[in-house]
Amino acid sequence: MSYFGQQFLNGIGSGAIYASLGLALVLIYRATNIVNFAQGEMGAFSAFLIWQLQQWGVPIILALIGAIILSMLIGGLVYAIVVRPVQNREEVTIVIVTIGLFLGFNSASGAIWGYLQKALPSPFPAVTWYLGGLRISGDLVGTCILLAAIVLGLYLLFQHTKIGLTLRAAASNAESSMLVGVPFIWMMIVGWGLSAGVGAISGALVAPHLSLDPNMMITVIIYAFAAAVLGGLASYSGAIVGGLLVGVSQSLTTAYLPSLGADLQVIVPLGIMVAVLAIKPEGLFGRSVMARV
Amino acid sequence: MTKALQAIRAGSDQPSRSAAFRHFGILALLAFAIALPAIASPYTLFQLAGVMAFAVAALGLNVITGYTGQVSLAHNAFFAVGAYIGAMSTAYLGAGPLGSVVIAAVVSFAAGFVAGIPAQRLRGLYLALVTLAIAVSVTPMIKQFEAYTGGVVGFRVDQPAPPAWLPISQDSWIYYLVLLFAAIAFFMTYNLLSGSVGRSFVGTKEAELAAGSLGIDVARSKVMAFAYGSMLAGIGGALANFSIGYIAPDSFSLMLSIGFLAAAVVGGINTIWGAIIAGIFLQYVPSFASDISQALSGAIYGGILIICVIVMPKGILGSLPRLIANFQTIRRESRAEATKALNKVAN
């Protein structure tokens with residue numbers, strides 16, 4: 001039982017990380033109707049920013065905050081320069097552009113910081129509690145609290161502030177929102193900036209677990225996609241639940257089906273994602289969308 | 001509605017002069033390709049065989065994404081299916097070059113058909129996500145079934161040797177075999193797409209509901225386009241075996257798919273012959289890019305992709321007609337101006 005409980009907790013820990021990147025994906029999808037395939041690589045770039053600031057002697061918490069702000073600026077710039085020109089084109093084009101961004105950020109990290117693995121300390125205190133035979137790390141608790149804080153913050157921002165309202169207006173109908181005076185392009189820039197900020201937090205959470213290198217997010221982004229799709233791609237709580245489900249199922253299959261081996265581990269979240277898309281494409285929490293003829 | 005009608009009608013009323021011109025161009029290219037082994041070095045022939053194998057696979061992506069509008073990130077999977085099935089049918093069943101390509105084509109068609117079934121229901125980015133899942137599973141799957149695929153170590157493939165009565169080198173023989181299959185694949189696809197099938201593909205892409213209400217079986221179009229395009233990827237994979245003679249799981253990663261997408265977009269994803277440019281791109285650009293900088297090769301790839309989509313959305317070949325038209329307008333205008341100036345002088 002305690003073995004199961006421990007594996008379950010481990011799953012929650014990694015699930016929370018997938019959920020954080022899933023949140024960034026959902027955020028950008030809700031704010032700009034784009035699925036950003038480069039989200040993970042942008043997060044890895046942000047994690048390198050934290051590492052760089054820390055190398056320059058900035059304390060870890062300040063480095064984290066500085067990197068989040070820098071990442072938000074970069075996210076906004078990326079939208080303004082690269083994504084805006086193609087925003088009204090068909091979906092294929094936008095997917096291709098974000099894949100181009102994926103390649104660009106991946107190799108920019110590699111070119112600037114190299115492919116040698118680096119260590120990034122966890123922003124949380126290294127304490128461990130024992131509770132009925134279960135080991136609960138400060139990292140796990142910190143990650144869950146941070147995640148809850150992000151969701152609450154996003155909820156308050158989108159539902160209870162003026163900028164949240166204008167963001168929602170811009171996302172739901174570009175033309176009408178512009179007619180009532182919403183600065184559409186600025187709202188899109190803010191949306192990309194916010195999601196890059198959440199992505200930076202996710203990078204900061206991933207890097208201490210894996211080691212910091214340019215390719216560290218490539219598998220994480222797949223799990224995050226599975227999480228976001230499971231939750232319906234447009235629901236924050238859906239992304240959290242999806243992330244936790246993916247994390248727990250991954251941890252339990254590794255623990256109880258060792259025959260799958262390290263290579264096939266990735267099949268589990270992918271299988272979940274494909275099954276959800278094939279059976280219930282609107283996800284667990286999403287609404288089905290009508291097409292306009 | 002009108003958009004779909006236009007899309008479905010388009011192609012039926014092309015000016016015959018440009019068609020004749022195009023046919024002449026294709027024949028000239030083919031003649032040049034046939035004569036090439038007389039002057040080219042073995043290494044060039046090896047590279048060109050690679051270009052043609054990639055071009056056939058890229059043509060498949062043009063059919064799936066360019067013509068039918070389905071984003072596929074799983075092209076690496078079908079390329080891998082073709083390569084491994086081709087290699088295994090040679091090693092275990094003793095199939096010759098022809099047999100291995102045919103078996104690879106049949107299996108990858110079937111695989112594409114199965115993968116294309118979710119494509120009926122899913123549009124745009126949801127399909128991209130499903131195909132992403134397929135793309136990422138390829139390398140682990142190959143490694144898992146080590147007993148048949150050779151696992152991480154890879155798989156050696158017997159390269160086709162010329163028959164004893166034919167006095168040409170093995171390089172030339174492989175080049176001609178690949179050329180033969182590539183020519184068949186392009187001819188077949190050209191015929192398929194210039195007929196009603198091609199127009200139903202485009203109609204499905206441009207306006208699905210309208211195409212459906214005009215009597216086009218949209219679901220069938222999507223699945224068939226996916227299966228046919230995957231078959232071309234499989235043929236490309238089997239052809240790549242001929243010249244490379246060795247396959248390993250890591251060469252079929254997601255990066256290969258992204259490379260296919262980038263190359264197809266650069267060549268002109270809505271065209272047939274842009275796939276040849278895509279093949280050249282896939283064969284030469286990665287090595288040029290890594291010559292410039294190992295770490296930056298991805299950035300160069302990504303940069304080319306983004307710039308191409310923004311500046312030249314129809315790719316190199318797709319933008320040519322517009323460039324030529326612009327040039328002709330400029331020439332006509334300057335001629336008109338010259339006449340005007342002459343008239344002025346005469347008056």
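Q: How many of the 293 residues of chain A count as buried, as a percentage?
A: Of the 293 residues of chain A, 48% count as buried. A residue is called buried if 20 or more other C-beta atoms lie within 10 Å of its own, exposed if 12 or fewer do, and partly exposed in between, the C-beta atoms being placed from the backbone. In chain B, 51% of the 347 residues count as buried.

Q: On what kind of model do these values rest, and how are its parts labelled?
A: This is a predicted model, in which local features need pLDDT of at least 70 and side-chain atom pairs count only at pLDDT 80 or more, while totals for chains, interfaces and linings use all residues. Residues are numbered from 1 along each chain as its sequence is written, and chains are lettered from A and ligands numbered from 1 in the order in which they are written.

Q: What is the predictor's confidence in chain B and in the complex?
A: The pLDDT, which is the predictor's confidence in each residue from 0 to 100, averages 82 in chain B, and 92% of the residues score at least 70. Over residues 9-15 of chain B, however, pLDDT stays under 50. The complex is given an ipTM of 0.79 and a pTM of 0.82.

Q: Why is chain A described as compact as a globular protein of its length?
A: The radius of gyration, taken over C-alpha atoms, is set against the globule rule, 2.2 Å times the number of residues to the power 0.38. For 293 residues the rule gives 19 Å, and chain A has 19 Å, so chain A is as compact as a globular protein of that length. Chain A contains 12 helices and 2 strands; these are DSSP runs, helices (H or I) of at least four residues and strands (E) of at least two, numbered from the N terminus.

Q: What makes the radius of gyration of chain B agree with that of a compact globule?
A: A compact globule of 347 residues would have a radius near 20 Å, and the 22 Å of chain B agrees with this value. The secondary structure of chain B comes to 15 helices and 2 strands.

Q: Why is Phe226(B) called buried?
A: Phe226(B) has 30 other C-beta atoms within 10 Å, and therefore it is buried. This residue is found in helix H11 (residues 218-244) of chain B.

Q: How do you know which residues Phe226(B) touches?
A: Two residues are in contact if their C-beta atoms, placed from the backbone, lie within 7 Å. Leaving aside residues up to four places away in sequence, Phe226(B) touches Ile64(B), Gln70(B), Gly112(B), Ala115(B), Gly116(B) and Ala119(B). Ala115(B) is 111 residues from Phe226(B) in sequence, yet their C-alpha atoms are 7.9 Å apart in space.

Q: What makes a set of residues a nonpolar core, and which residues have the most contacts inside the largest one?
A: A nonpolar core is a set of buried Ala, Val, Leu, Ile, Met, Phe, Trp, Tyr and Cys residues joined through C-beta atoms within 7 Å. The largest has 208 residues, and Ala58(B) and Val178(B) have the most contacts inside it. Helix H3 (residues 42-67) of chain B supplies the largest share of this core, 16 residues.

Q: How many residues of chain A are in contact with chain B, and which element of chain A gives the most?
A: There are 35 residues of chain A in contact with 37 residues of chain B. H4(A) gives the most to the chain A side, with 16 residues.
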